[in-house]
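My entries follow in the order in which I checked them.

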Amino acid sequence: MCVFSSMSDMLIQLKDYSQIELEDWVKTQGEKAFRGRQLFQWIWQKGVGEFSEMTNLSKSLIQNLEQNCSLGLSTVHQVQTSETQGTSKFLIRLNDGKFIETVLIPEGKRVTVCLSSQVGCALDCDFCATGKMGLKRNLSSGEIVDQLLHARRFSDRPITNIVFMGMGEPFHNYNQVIKAANILNAELGFAHGARKITISTSGLVPQIRQFTEEGHRYKLAVSLNASDDYSRTKLMPINQKWNIADLVAACQEYTKTSSNMLTFEYVLMDGVNDNLGDARRLTQIANQVFCKVNVIPYNEVAENYKRPSNNRINNFLEALKGARFGVTVRWSQGDDIDAACGQLSTAVQDES
Ligand code: SAH
Ligand code: SF4
């Protein structure tokens with residue numbers, strides 16, 4: 001290992017600290033707790049990159065920070081912007097040479113950032129490019145929140161919505177994702193409203209229960225993607241562990257306990273889960289939960305799956321009419337630069 005990397009490994013990564021952890025840490029350095037709050041504010045709210053820019057800290061504290069701490073967790077390696085849709089995809093390099101992707105999606109009044117929670121994903125959903133990478137590692141809370149810092153610097157409009165729908169399964173990295181969401185939500189962090197932060201899960205039942213018990217206000221989305229267990233298991237192997245009935249029960253507990261509506265995501269694939277029988281079964285499932293259904297026409301990444309024709313999509317939507325839940329459709333944003341849902345995959349560029 002080179003001397004430089006071993007030295008930087010020894011530095012304290014302050015971006016991985018919550019506000020309280022920063023307050024505790026400055027106290028160990030003989031400072032008052034409010035210095036920790038100031039640091040937190042400089043790092044996230046003001047987004048400064050150098051300790052010397054933290055003008056309300058004492059010279060001696062700045063010197064200490066410069067010697068022992070780091071704010072360098074990730075850098076933007078490349079940005080691609082879709083000329084037709086305005087979506088930008090950031091290829092972000094982590095300190096160990098691994099890459100993740102983050103997507104900035106301006107659409108109407110909304111500006112949404114889609115965050116990654118892991119490098120790759122272990123869940124191996126058959127239709128998803130990230131799943132084909134396998135899991136390389138979890139992201140730390142700092143690496144998750146740093147993505148927003150990069151997107152905020154780039155965006156010419158304020159960010160209105162944050163979704164954990166990039167690379168990875170957020171609930172497989174539960175603690176770091178919740179810690180990151182808390183920083184996004186914190187007044188001295190990004191002060192981003194909890195109801196404008198959505199966490200999407202493929203359906204990890206124990207973590208859905210934990211999320212319910214802990215009473216988080218972040219929005220929850222669950223990827224259903226099939227209307228019967230046989231097809232769901234083929235598409236999402238996790239269904240062998242927790243099937244649709246288990247998932248529905250956990251979702252019901254969540255909506256009852258929190259009084260919050262949940263979103264079911266349903267990726268529509270030609271000839272796989274898009275016939276009228278599927279629409280009928282989906283209606284039966286979703287009618288049992290206080291939810292809305294977000295239909296996502298498939299973004300083509302795997303050879304064996306295709307996006308249905310607009311005619312088939314519309315027939316499917318028509319068949320959902322009259323159900324108790326609302327239905328939205330997520331037409332692609334950024335598929336021309338491989339930045340749409342399920343297209344994120346960086347295996348080829350890994351430098352680690
Ligand atoms: N792992 C989490 C969040 C990341 S995936 C999850 O699965 O929910 C975010 C969404 O993209 C999920 O609803 C997933 O089903 C969907 N998705 C994956 N591959 C896709 C593709 N090729 N086209 C459209 N949506 C896709
Ligand atoms: Fe992982 Fe979600 Fe892709 Fe499934 S759809 S492999 S859970 S990122």
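The model is a predicted one. I began with Glu 265: an N or O atom in its side chain is 3.2 Å from an oxygen atom of ligand 1. I then asked how much of ligand 1 the protein buries. Ligand 1 taken alone exposes 530 Å², and I found 96% of that buried by the protein. I noted β10 (197-201) and β12 (262-268) as the elements that give two or more residues to the shell around ligand 1.

I went on to two other side chains. Asn 225 has a polar side-chain atom 2.9 Å from an oxygen atom of ligand 1. For Glu 169, a polar side-chain atom lies 3.3 Å from a nitrogen atom of the ligand.

Entry 2, the shell. I recorded 21 residues around ligand 1, with Gly 168, Ser 200, Ser 223, Asn 225 and Asn 299 as the closest. By type, the shell divides into 10 nonpolar, 9 polar and 2 charged residues.

Entry 3, strand β9. Which strands pair with β9? I found β6 (residues 110-114) parallel to β9 over 3 bridges, with Val 113 as the bridge partner of Ile 162. β10 also runs parallel to β9, joined to it by 3 bridges, and here Phe 164 stands opposite Ile 199.

I checked both faces of β9 (residues 161-164) and found them covered. Asn 161 and Val 163 are buried on one side, Ile 162 and Phe 164 on the other.

Last, I followed the chain onward: β9, helix α7 (residues 174-185) and β10 form a right-handed β-α-β unit.

Methods:
Residues numbered from 1 in each chain as written. Chains lettered and ligands numbered in written order. Predicted model: local features only at pLDDT ≥ 70, side-chain atom pairs only at ≥ 80, totals over all residues. Heavy atoms only, no water. Near = heavy atom within 4 Å. Polar contact = N/O pair within 3.5 Å; in protein donor to acceptor, adjacent residues only side chain to side chain. Areas by Shrake-Rupley, 256 points an atom, 1.4 Å probe, with all protein chains shown as cover. Helix = DSSP H or I, 4+ residues; strand = E, 2+ residues; numbered from the N terminus. Nonpolar A, V, L, I, M, F, W, Y, C, P; charged D, E, K, R; others polar. Buried < 20%, exposed > 50% of the residue type's maximum accessible area, 1.4 Å probe, protein only. Pairing = 2+ DSSP bridges. Right-handed = clockwise from strand over helix to strand, strands pointing away.
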